[in-house]
Amino acid sequence: MLKDITVSVENITKAFGKKKVLEGASFEAYSGECVGIIGMNGSGKTTLFNIIAAYTSSDSGTVKIYGETITKLHSSSVLGYIPQENPLIEDLSAMDNLKLWYCDSHLNLKEELTDGVLHTLGIHEFTSTLVKNLSGGMKKRLSIGIAMASSPKVLLLDEPGAALDIVAKETIRTYLSTFAKDGGTVIIATHDEEELSLCNKLLVMKDGILKEISPSLRGKSLVKEIL
């Protein structure tokens, strides 16, 4: 049974110059829930995610996490954001990237690599490797591991499986499924139908507005909702 509302997005609007990107986007997410957001490229999904994560401001509307409006200063303490672009420092090793993020964490980095979230993600296998030499899947898993440094209860992922191989995608899907089953909230923007299998709520972004559709839709029926 779903419990608390963890994320509340209400009537978000955003324009860049004369181009209106979001025109009243709204949704709610609960603990234990995985929410999928789909839509055409350029439909506003990334803009919405950046607003939820307090990376950019909306023109109007509100975003609340656990009933409070968050700022960029403390958003990472309640929300783990994994954007499309690589947030890692390429010339450092995976371990050095981890140390930068876990230095202020209440979690013990060594323990997490041995028997924690970082081990679950398989990051212990490539800690000494420079980030620039990692595969796309390894970088994405490392990005998720870094986002977990503050033990957030909400994960926001913008196309996590893009350009990854089947094994990497399955590793990430398995982790996200476990995270939600343990009471976390997952919000994911995706073009991947396999990732939609994680979602018990599905929203389509169209004309700057979010519309809830059946999470079981696939194939032509799904495409029809997007177009």
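Guide: Begin with surface: accessible areas come from the Shrake-Rupley method with a 1.4 Å probe. In this predicted model, the chain exposes about 11,400 Å², and 52% of that area is supplied by carbon and sulfur atoms.

Visitor: How much of the chain counts as buried?

Guide: A residue is buried when its relative accessible area is under 20%. By that cut-off, 48% of the 227 residues are buried.

Visitor: What does the secondary structure come to?

Guide: The chain has nine helices and 10 strands. Its radius of gyration is 17 Å, close to the 17 Å that the globule rule gives for 227 residues, so the chain is as compact as a globular protein of that length. Along the principal axes, the C-alpha atoms fill a box of roughly 45 × 40 × 40 Å.

Visitor: What share of the contacts joins residues 24 or more positions apart?

Guide: Among contacts with a separation of 6 or more, such pairs account for 66%.

Visitor: Now a local case. Is helix α1 mostly covered or mostly uncovered?

Guide: Helix α1 spans residues 45-52 and is mostly covered, with six of its eight residues buried. The buried set consists of K45, T47, L48, F49, I51 and I52, so named by the under 20% cut-off.

Visitor: Which residue just after α1 takes a positive phi?

Guide: That is A54, with a phi of about 65 degrees.

Notes. Residues are numbered from 1 along each chain as its sequence is written. This is a predicted model: local features need pLDDT of at least 70, side-chain atom pairs count only at pLDDT 80 or more; totals for chains, interfaces and linings use all residues. Side-chain values use heavy atoms; hydrogens and water are left out. Helices (H or I, at least four residues) and strands (E, at least two) are DSSP runs, numbered from the N terminus. The radius of gyration is taken over C-alpha atoms; the globule rule is 2.2 Å times the number of residues to the power 0.38. Buried means under 20% relative accessible area, exposed over 50%, partly exposed in between (1.4 Å probe, protein chains only). Contact means heavy atoms within 4.5 Å.
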